[in-house]
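Hi,

I'm handing over the structure we talked about, so please have a look at it below.

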Amino acid sequence: MEQYGKMLLFAMPAFLALVLLEKWYGWYKGKDTVPNMDLIASLSSGVTNVTKDVLGLSVAILSYEWLVTRIAIIHLQSGLLTIVIAFIGLDFAGYWVHRIDHTINFFWNSHTVHHSSEEFNLACALRQSVSTFVRLFAFLLIPAALLGVPSVIIATIAPIHLFAQFWYHTQHINRMGFLEKILVTPSHHRVHHAINREYIDKNYSQIFIFWDKLFGTFQEELPDVKPIYGITRPVRTWNPIKINFQHMWLMIQDAWYAKSFKDKLRIWFMPTGWRPADVVAKHAVYKIENVYSFEKYNTKSAALLNVWIWIQMIVLLLLISYLFANITKIGSPGMFLYGGFIFIYVYAYSELMDGNKSAIIWEIITALIGVGFVIYFGDWFGASKLFSWISYFLIVYFILSAAVTGWLVYSGSKQTSQLSVSI
């Protein structure tokens, strides 16, 4: 937990720099693929995901270490060969977990956030789930367990394997020659994120593309079929926490409304997107039928709102960096209180991004909790030892944040009202 947090202290600035570099490059080339609100939503999703992971808010029904101790035929020692085997084993498991996420209704909920952006850029890679609390697929690492690959090697390689999937989320790199036959490239992954009939549910591989070719799910990017990105039931929100549970909430509602007891049970295990016929008839949900003719989600974002949301994001990154750097010192239950605050903080400014009036309420809640922590603990989780002024700064900032949010919501509502009158 602490080790992963320290890794993220180095990884997060690198990812942010690359995301901003892609933003600049797109602007320079006249092809900006990173709209501001989409970018903030992706970064916010990444922060909530790593917060959950660092806090260890998930359990494995079957652990890899348990597997190794019971089924290993041999026990490989740490070395280059063992690392290579671990990497390939993780990639094999990753292919099948990814494929299961796409093909079974229940598991799609944990993956939908990654596909929720209607753009395709490096920031999309950061859209990862916070809704997975139970990990079920350790058995897919049986090949590595049979060879006795040490669990410490798997634990070390897993974040590297995840980080290595970042670079190919871009529209600015075209075909890559012979590498197309071996590795997952941007071209392969553009296909995977597309909702075109020719592309949907293809290219599940994470590092080595040969898994798709071996198991019959490969599709190359066609020169005359431009990928259209997103999901067929668009989320229509910038709020990453809402996105994480939208599909689950729909399944819960459908199970409740379904007349057939059989449908109430099987909805969870049917192919992704399946709904009982009687529920569809009475409770229709918008679905994109023509991928070449739909309006991407967008909200009014005045210059001041964009500036303020970036200020919120910068403060968030500073807050989360402090948590990761000092998680042992903060300890329990402090680190869980801190993590809960991060989620509420993100939820509040995401509501503002969506233009919802409830943003005021959520921002006031955020301010009350933030100021309450400082007053109750007499400090911001020990940060005054590093910065004597931090508690005063945060109190002022939280109060100012609520005030600015209120003003932005009020001014936005006023402009909308005036617009409706003039129409």
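Helix α11 (residues 240-257) gives the most to the lining of the largest cavity, with 4 residues; helices here are DSSP runs of H or I with at least four residues, numbered from the N terminus. This is a predicted model, where local features need pLDDT of at least 70 and side-chain atom pairs 80 or more, while totals for chains, interfaces and linings use all residues. Residues are numbered from 1 along each chain as its sequence is written, and side-chain values use heavy atoms, without hydrogens and water.

That cavity has a volume of about 30 Å³. On a 1 Å grid over the protein atoms alone, a cavity is a set of points where a 1.4 Å probe fits but cannot get out, a pocket is an open set with protein on both sides within 12 Å along at least five of seven lines, and lining residues have an atom within 4 Å of a point. Volume is the space filled by probe spheres set on the points, which are joined across faces, edges and corners. Among the residues lining the largest cavity are Asn 105, His 247, Asp 254 and Trp 274.

The second largest pocket holds about 670 Å³ of space. Of its 29 lining residues, Trp 108, Ile 231, Thr 232, Arg 233 and Thr 272 are the closest to its centre. Here too α11 gives the most to the lining, with 4 residues.

Elsewhere, helix α8 (residues 151-163) has 13 residues. Its buried residues (under 20% relative accessible area, 1.4 Å probe, protein chains only) include Ile 153 and Pro 159.

Enjoy exploring!

Definitions and conventions. Helix = DSSP H or I, 4+ residues; strand = E, 2+ residues; numbered from the N terminus. Expected span 1.5 Å × (residues − 1). Buried < 20%, exposed > 50% of the residue type's maximum accessible area, 1.4 Å probe, protein only.
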